[in-house]
Amino acid sequence: MAQVRSFLKILGVLAALVGFGQVAAAQDRNDGWSLCNRTSYIIEAAIGRPEGKGITVEGWIKLQPGSCKLALPGPLEPKFHFVYARTSSAHRGGVREWGGNTDLCVDPTGSFSLESPPECAAMGLESRGFRAVEITRRTRWMTPFTEIDNYDAEKARAAGIQRLLEEAGVVSGVVDGNIGHKTRAAIAEFLKKNGLPSTTSEADLIDFLEQVAKERGRAVGFTVCNRTKNRIWSAIARRGSEGWESRGWWMLEAGGCSRVLDRPLSGQEHYVYGEMEDGDTTRTLAKASDAFCVGRSKFAIIGRDECEASAYRTALFQAAPPPVDRKLVFEFFERDFAKASQNER
């Protein structure tokens, strides 16, 4: 009997050790640098980590509202790391960004891992401003993404579902993180319409809504594309609810496009402006004749008169073709630009 008790005691010790090992393994799996989304948007993040004398940049890490993901497993190197994030193309109102002042190269079109080269364009990449994050521990570090509303994880997830329901055209309502009867009814109707079970998880619901919102967004809006071999800085103008307005800048790499308005277009009058980099010179549109205001950095200007009096400058825009089915795509070609001049943006 004593031998049995002794044997059982040994088994208990072994079980405890195995359990401890499992806990330790689980903790090890969670060690590292985590990114947490505390916004109502789906976010795509990229990180830069020190490696030797350089920085390796990797992306994209998709973060649903309210979720966290391990971006870099431990042990961590106590040094400056870097992070940049953008919203999913499912969201309207233009791309929102979380970043800083450290320029690093990214591939905006898909997953990538690279040692950041000194010249992004030479490799078909684009430059983005990353935020420096000083990591001081080797085990765990967390970086949150936030917006004006101070959401916790649960509220962020609920607000994200509300936002996507509107952007997918399911229902329009307040985005506040408080899901009521109207929102629950809209979710149930969306699941039924798309042949999805009522037991669909919130994570799967968000994925489905994102895809519907992306498809809906592609069918409307204003897109500008660069069909030249050089970089173009673009701007648009149109008559808005407060009168004439101009907006810019959108940087278009060779072959690239940008959706500058992601809502159904109303009205017929839209204008475009472009400055193409050609070596040390700048070329502007040859057939431009309509004057609007532009800024030296990112701008949204109401009105088109006396630009210089408001510390802007006057630029000549070109009329775009009228929208078709509330959608417009304008392509910049080499032939659209005048001969090189020394004017600088």
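1. Helices α2 (153–167), α3 (181–193) and α4 (202–218) each give at least two residues to the lining of the second largest pocket. Helices here are DSSP runs of H or I with at least four residues, strands are runs of E with at least two, and both are numbered from the N terminus. A word on the basis of this note: the model is predicted, so local features need pLDDT of at least 70 and side-chain atom pairs count only at pLDDT 80 or more, while totals for chains, interfaces and linings use all residues. Residues are numbered from 1 along each chain as its sequence is written, and side-chain values use heavy atoms, with hydrogens and water left out.

2. Staying with that pocket, its space comes to about 210 Å³. Its lining counts 14 residues, and Ile161, Ile179, Ile187, Glu202 and Leu205 are the ones nearest the centre. By class, seven of the lining residues are nonpolar, three polar and four charged. (A pocket is an open set of points on a 1 Å grid over the protein atoms alone where a 1.4 Å probe fits, with protein on both sides within 12 Å along at least five of seven lines; lining residues have an atom within 4 Å of a point. Points are joined across faces, edges and corners, and the volume is the space filled by probe spheres set on them. Ala, Val, Leu, Ile, Met, Phe, Trp, Tyr, Cys and Pro count as nonpolar, Asp, Glu, Lys and Arg as charged, and the others, Gly among them, as polar.)

3. Now to the rings: the whole structure holds 13 aromatic pairs. (Rings of Phe, Tyr and Trp, the last by its six-membered ring, pair if their centres lie within 6.5 Å; planes under 30 degrees apart are stacked, over 60 edge-to-face, the rest tilted.) One of them is tilted, because the ring planes of Tyr84 and Phe130 stand at 40°, with centres 5.7 Å apart. Tyr84 belongs to strand β5 (residues 80–87) and Phe130 to strand β9 (residues 126–134), so this pair ties together parts 46 residues apart in sequence. Tyr84 is buried at 2% relative accessibility, and Phe130 is buried at 0%. (Buried is under 20% relative accessible area, exposed over 50%, partly exposed in between, using a 1.4 Å probe and protein chains only.)

4. The pair of Trp244 and Tyr271 is edge-to-face, since its planes are at 65°, and the centres are 5.9 Å apart. Trp244 sits in strand β13 (residues 243–252) and Tyr271 in strand β15 (residues 270–278), so the pair links parts 27 residues apart in sequence. Both Trp244 and Tyr271 are buried. They belong to one aromatic cluster along with Trp249, Tyr273, Phe292, Phe299 and Phe317.

5. Phe292 also has a charge over its ring: the charged end of Arg304 is 3.9 Å from the ring centre. (The criterion is NZ of Lys or CZ of Arg within 6 Å of the ring centre and within 35 degrees of the ring normal.) Likewise, Arg335 places its charged end over the ring of Phe333, 4.3 Å from the centre.

6. Some backbone spots deserve a look. Most residues other than glycine have a negative phi, and most peptide bonds are trans. Gly74 and Pro75 are joined by a cis peptide bond, with omega about 0°, and Pro75 lies in the loop between β4 (68–73) and β5. Another cis peptide bond joins Gly248 and Trp249, with omega about -10°; Trp249 is in strand β13.

7. Glu306 has a positive phi, near 50°. This residue lies in the loop between β18 (299–302) and β19 (313–319), and Glu306 is exposed at 66% relative accessible area.
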